[in-house]
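Thanks for coming. Please have the model up on your screens while I talk.

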Amino acid sequence: MFYNNRKTIYIILIIIAIILSFLCGKRIGNGSISNEKTTKSVVQNIHYNDTLSVKGNKYSLNYSIVNALFMNKSSMQFNVNLINNTNVATIKVLAKDQDNNVLQVEPSVSDDNKSLVYAVILDANTTKISIYVYPLTKEMMRNKALDYNTIPFKTSILNVSLLKQQQIQNLQN
């Protein structure tokens with residue numbers, strides 16, 4: 001009897017094998033679910049091109065940091081646009097790298113009092129720049145022992161590689 005229905009039995013076994021391989025393949029194809037949380041860091045420039053507002057006792061300042069350009073490997077130039085200020089005589093700009101080391105900031109000549117140009121001297125290991133803007137009144141400017149930690153300020157964090165990538169894309173367009 002087995003010899004008479006051998007062809008039918010083989011066909012049924014092949015169909016069962018195909019169905020089982022399809023079911024197993026479908027289960028393997030879905031993958032496994034893991035409950036581990038992965039941290040995804042988003043690279044961005046924080047407060048770059050944004051208008052920031054600093055308010056102190058009887059003074060206030062609105063500004064934005066724009067046009068960050070790399071002049072060479074060791075220097076970056078950026079503008080601080082002053083939008084509205086009340087009782088602010090000048091601003092103090094400080095820059096720090098990712099390791100909280102103070103970077104040298106040099107003011108450059110600008111044609112407009114509302115758009116101030118600064119240059120930051122970088123080293124080869126700089127990956128992130130934090131720019132601190134302190135509004136200063138006339139009384140603060142006269143105080144030689146002024147502690148900047150007591151003055152309200154805002155910080156912009158700039159990612160060096162992202163800025164370079166944006167500058168290359170702008171040059172290609």
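First, the ground rules. This is a predicted model, so local features need pLDDT of at least 70, side-chain atom pairs count only at pLDDT 80 or more, and totals for chains, interfaces and linings use all residues. Residues are numbered from 1 along each chain as its sequence is written, and side-chain values use heavy atoms, with hydrogens and water left out.

Start with the core. Which residues touch the most other members of the largest nonpolar core? They are Tyr-63, Met-76, Phe-78 and Ile-91, out of 34 residues. A nonpolar core here is a set of buried Ala, Val, Leu, Ile, Met, Phe, Trp, Tyr and Cys residues joined through side-chain atoms within 4.5 Å. Buried means under 20% relative accessible area, exposed over 50%, and partly exposed in between, with a 1.4 Å probe and protein chains only. The elements giving two or more residues to this core include strand 2 (59-72), strand 3 (75-86) and helix 3 (160-172). Helices (H or I, at least four residues) and strands (E, at least two) are DSSP runs, numbered from the N terminus.

Now Ile-91. Beyond four places in sequence, Ile-91 touches residues including Leu-61, Val-80, Leu-116 and Val-133. Contact means heavy atoms within 4.5 Å.

Next, strand 7. Eight of its nine residues are buried, so strand 7 is largely enclosed by the rest of the structure. Strand 7 pairs with strand 4 in the antiparallel sense, over eight bridges. Pairing requires at least two DSSP bridges between the strands. Ala-95 has Ile-131 of strand 7 as its bridge partner. Strand 7 also pairs with strand 8 (residues 154-159), again antiparallel, over six bridges. There, Ser-130 is bridged to Ile-157.

On to the pocket. Thirteen residues line the largest pocket, and Ile-91, Val-93, Val-105, Pro-107 and Tyr-118 lie nearest its centre. A pocket is an open set of points on a 1 Å grid over the protein atoms alone, where a 1.4 Å probe fits, with protein on both sides within 12 Å along at least five of seven lines; lining residues have an atom within 4 Å of a point. Strand 5 gives the most to the lining of the largest pocket, with five residues.

Last, Asn-49. Asn-49 sits in the loop between helix 1 (6-30) and strand 1 (51-56). Is Asn-49 buried, exposed or partly exposed? Partly exposed, because its relative accessible area is 47%. Setting aside neighbours within four places in sequence, Asn-49 contacts Ile-65 and Val-66.
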